[in-house]
Amino acid sequence: MKKIRFRLPEGIPCLLIIGLIFGYIGSIMGLPNMLNTIMKTAHDLLLNTVFYLMGICVITGALGRLFIEFGVVKLIERLLRPLMKPLFNLPGVASLGAVVTFLSDNPAIISLAQDKRFAAYFKKYQYISLTNFGTAFGMGLLVIVFMVGQGFFVEPFIGFFGAFCGCIVSTRLMQRFVLKAYPHYAAEQAIEEAVEDEKAEESEKHESLFIRILNSLLDGGRSGVDVGIAIIPGVLIISTFVMILTFGPAESGYTGGAYEGVELLPWLANQCSWLFEWLFGFTDPHLVAFPITALGAVGAALSVVPNFVAEGWMDGNAIAVCTAIGMCWSGYLSTHTAMLDSLGYRQLTTKAILAHTIGGLVAAIIAHWVYVLYALI
């Protein structure tokens, strides 16, 4: 007689999890207040944070395209080439990947890596590690400009140095993981041979300087709008949820206003506050919301900064640490799978995530201790 196995209907686990999460929040805030807070927080984030970030994206996008058009990117790439082999164990041309991702976002490294002439310089294990290398510089210009806009000038660049160090750790670790799993990748080329472009290059258009500048600014600004629109779901969904778990009630109790919450994350952070204080120098448990949000989307993580600064929770050290961990992680949990899948190495996703998690923590720790040294000077 066959045993009858009971299977939970599909969809029930999802409903249970959602019911537990919102049941917990609603039991503290009250259902009407919870719903009003969610809507008002999302609305305020859209108007006061997303459009501000989009404005920065447009300006940095235009600046980045201008740099590309007039050879600044090539100049920077040539200056950085000598650092690639000793620091990252990558060919010199990899410096171009660092520059383009710094000016745009993580996936830019994949567009570059899929160029066969570019990929021909890499061994397979180096080629795979480009996902970690490029992610650590993703949206770097946006993060630094945003932090400077909050009134901090030296601290974001300390964070940039931390992210640079974290990138070294992440890239090298990923290469080590790949070689341990596939030793033969050490000798194999990423592609068999470079494929020359059969099509003759079009002759350069002799356009006036004014037209070249205008086209660069407008095209770059348009790409900035695309990035600004792309970060809307992350900011509205992830940040709203994180803020509800971070902030507490208003002075008069729960009113259903924006940025009210249940303070779950600070409570959890308080249980191991000594660890965050020693590693990152965080003086307030609310700050743990930034790295948690940066796991999924750095744009969403940036959206919590103005409120944290206004509340007095963020000091110079926190800005340096958050710049480092935000820039290095740069939403890698939401991009690594797609990036490795596009390169054809989906099976190595868990190794890439592990290496980058360690790299981001190293970036934050280094930024903290460099800031301590800076404060002593």
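Reader: Which residues do ring pairs link into a cluster?

Author: Ring pairs join Phe-88, Phe-133, Phe-137 and Phe-164 into a cluster. Rings of Phe, Tyr and Trp (its six-membered ring) pair if their centres lie within 6.5 Å; planes under 30 degrees apart count as stacked, over 60 as edge-to-face and the rest as tilted. The structure holds 17 aromatic pairs.

Reader: Before we go on, what kind of model is this, and how are residues numbered?

Author: This is a predicted model, in which local features need pLDDT of at least 70 and side-chain atom pairs count only at pLDDT 80 or more, while totals for chains, interfaces and linings use all residues. Residues are numbered from 1 along each chain as its sequence is written, and side-chain values use heavy atoms, with hydrogens and water left out.

Reader: How many helices and strands does the chain have?

Author: The chain has 20 helices and zero strands. Both are DSSP runs numbered from the N terminus, where a helix (H or I) needs at least four residues and a strand (E) at least two.

Reader: How do you know whether the radius of gyration agrees with a compact globule?

Author: The rule for a globule is 2.2 Å times the number of residues to the power 0.38, with the radius taken over C-alpha atoms. For 377 residues a compact globule would have a radius near 21 Å, and the chain has 23 Å, so the value agrees. Along the principal axes, the C-alpha atoms fill a box of roughly 75 × 70 × 45 Å.

Reader: Why is Met-139 called buried?

Author: Buried means under 20% relative accessible area, exposed means over 50%, and partly exposed is in between (1.4 Å probe, protein chains only). Met-139 has a relative accessible area of 5%, so Met-139 is buried. Met-139 sits in the loop between helix H8 (130-135) and helix H9 (140-149). Its phi is positive, about 55°, although Met-139 is not a glycine.

Reader: What makes Tyr-259 buried, while Ala-258 is partly exposed?

Author: Tyr-259 has a relative accessible area of 17% and therefore counts as buried. Ala-258 has 30%, so Ala-258 is partly exposed. Tyr-259 lies in the loop between helix H12 (232-246) and helix H13 (264-271), and Ala-258 is found in the loop between H12 and H13 as well.

Reader: Which residues does Ala-258 touch, not counting residues up to four places away in sequence?

Author: Ala-258 touches Lys-40 and Thr-41 on that count. Contact means heavy atoms within 4.5 Å. Ala-258 and Leu-87 are 46 Å apart, C-alpha to C-alpha, and 171 residues apart in sequence.

Reader: How do you know that Gly-159 is buried, and what is Gly-159 in contact with?

Author: Gly-159 has 0% relative accessibility, so Gly-159 counts as buried. Gly-159 belongs to helix H10 (residues 155-181). Leaving aside neighbours within four places in sequence, Gly-159 contacts Ala-320, Thr-323, Ala-324 and Ala-367.

Reader: Why is Thr-101 called buried?

Author: The relative accessibility of Thr-101 is 0%, so Thr-101 counts as buried. Thr-101 is in helix H4 (residues 94-103). Not counting residues up to four places away in sequence, its contacts include Phe-137, Met-139 and Gly-140. Thr-101 and Gly-140 are 39 residues apart along the chain, with their C-alpha atoms 7.6 Å apart.

Reader: What makes Phe-22 partly exposed?

Author: Phe-22 has 35% relative accessibility and therefore counts as partly exposed. Phe-22 is in helix H1 (residues 12-29), and is in contact with Met-34 and Ile-38, leaving aside neighbours within four places in sequence.

Reader: What share of the chain is buried, and what share of its contacts join residues at least 24 apart?

Author: Buried residues make up 46% of the 377 residues in the chain. Among contacts between residues at least 6 apart in sequence, 78% join residues at least 24 apart.
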